[in-house]
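Dear colleague,

Please find below the structure that I am handing over to you. My notes on its salt bridges follow.

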Amino acid sequence: MAASRTLGTFRLPPLPTIREIIKLFRLQAVKQLSQNFLLDLRLTDKIVRKAGSLTNAYVYEVGPGPGGITRSILNAGVAELLVVEKDGRFIPGLQMLSDAAPGKLRIVHGDVLTFKIENAFPESLKRQWEDDPPNVHIIGNLPFSVSTPLIIKWLENVSQRNGPFAYGRTQMTLTFQKEVAERLTASTGSKQRSRLSIMAQYLCDVQHILTIPGQAFIPKPEVDSGVVHFTPLTQPRIEQPFKLVERVVQNAFQFRRKYCHRGLGMLFPEAQRLESTGKLLQLADVDPTLRPTQLSVLHFKSLCDAYRKMCDEDPHLFAYNFREELKQKGMARRVTDCSCYVRGWQPTGC
């Protein structure tokens, strides 16, 4: 009990401010990497509080940068904080924090998109999927350039219960561009409803918990940011392979302003498109004149189940890619056109 109390009451000693760290190490945000620094520790403390109780927790922070959120996490009484930072310019400042919190901060100079976290924390933290979430958290102020591919990667990890979710239903508290945060949490019928809405909400309870004004960052981005909290569901709302769900959802939202049958039709080769799209919508009992934004997760469950049935009946169907078909048609036309010129005549439209 005494050791637990010690962990819970840890506070960092006085340190240079984040602004001073930036000056000391001559750090500048790189626009191409969409870097923006949070300097206000009251705001970083608020983000960390929104993650829930971190007393004695094991935390994985992505993209710590100069260490604003890192300080707030350490002051929350964690057992251990693992940070992964790709930009080597930030490592000396983070090392200063590590020296001030002996044994609590572990720094990895690497890419969060490829870093393997499965074995980073003690095995004893692992929980059954049906149990309460483990005492493991992911927190991060994500660079806008990697936020979407990273959350899609982690959602696939949720579906397969690997990566950060090898420990159980690991919770995530992440900062996104406000528009992305709104898409992740958008309800059925919302103009922000998108592929991200479905992919996140079929696997997780997703909440937009905080909006951060752009002026809180250095340099000031053109848009505000939103903090989103994810808790994986014990049972996904769509019980099909992640890649299949992603395929159906991506196609449905290709033509977001048109009726849903337009995008869903791209799941099928042109020769059978009309017939197969009709069959899909009939099996799923989905109105073909609904717009993609009007489709609920339940609609997508029915569509994915129906598409899986059709793929089982025709094993070649899942490998179909309408872009490849368009490319091949374009190549065939170019070959035909070339042969026309060789014969000495020009077809109509050439």
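By how many residues are R308 and D312 separated in helix α12? They are four residues apart, about one helical turn, in this helix of residues 297-313; helices are DSSP runs of H or I with at least four residues, numbered from the N terminus.

This is a predicted model, in which local features need pLDDT of at least 70 and side-chain atom pairs count only at pLDDT 80 or more, while totals for chains, interfaces and linings use all residues. Residues are numbered from 1 along each chain as its sequence is written, and side-chain values use heavy atoms, leaving out hydrogens and water.

R308 and D312 form a salt bridge (a side-chain nitrogen of Lys or Arg within 4 Å of a carboxyl oxygen of Asp or Glu), with the closest N and O atoms 3.3 Å apart. R308 is partly exposed at 31% relative accessible area, whereas D312 is exposed at 53%; the classes are buried under 20%, exposed over 50% and partly exposed in between (1.4 Å probe, protein chains only).

The count of salt bridges in the model is 16. One of them pairs K243 with E156, at 3.6 Å between the closest N and O atoms. K243 lies in helix α9 (residues 242-252) and E156 in helix α6 (residues 144-160), so this pair ties together parts that are 87 residues apart in sequence. K243 is partly exposed at 46%, while E156 is buried at 19%.

K243 also forms a salt bridge with E246, the closest N and O atoms being 3.8 Å apart. Both residues lie in helix α9, three residues apart, and E246 is buried at 11% relative accessibility.

Yours sincerely

Key. Helix = DSSP H or I, 4+ residues; strand = E, 2+ residues; numbered from the N terminus.
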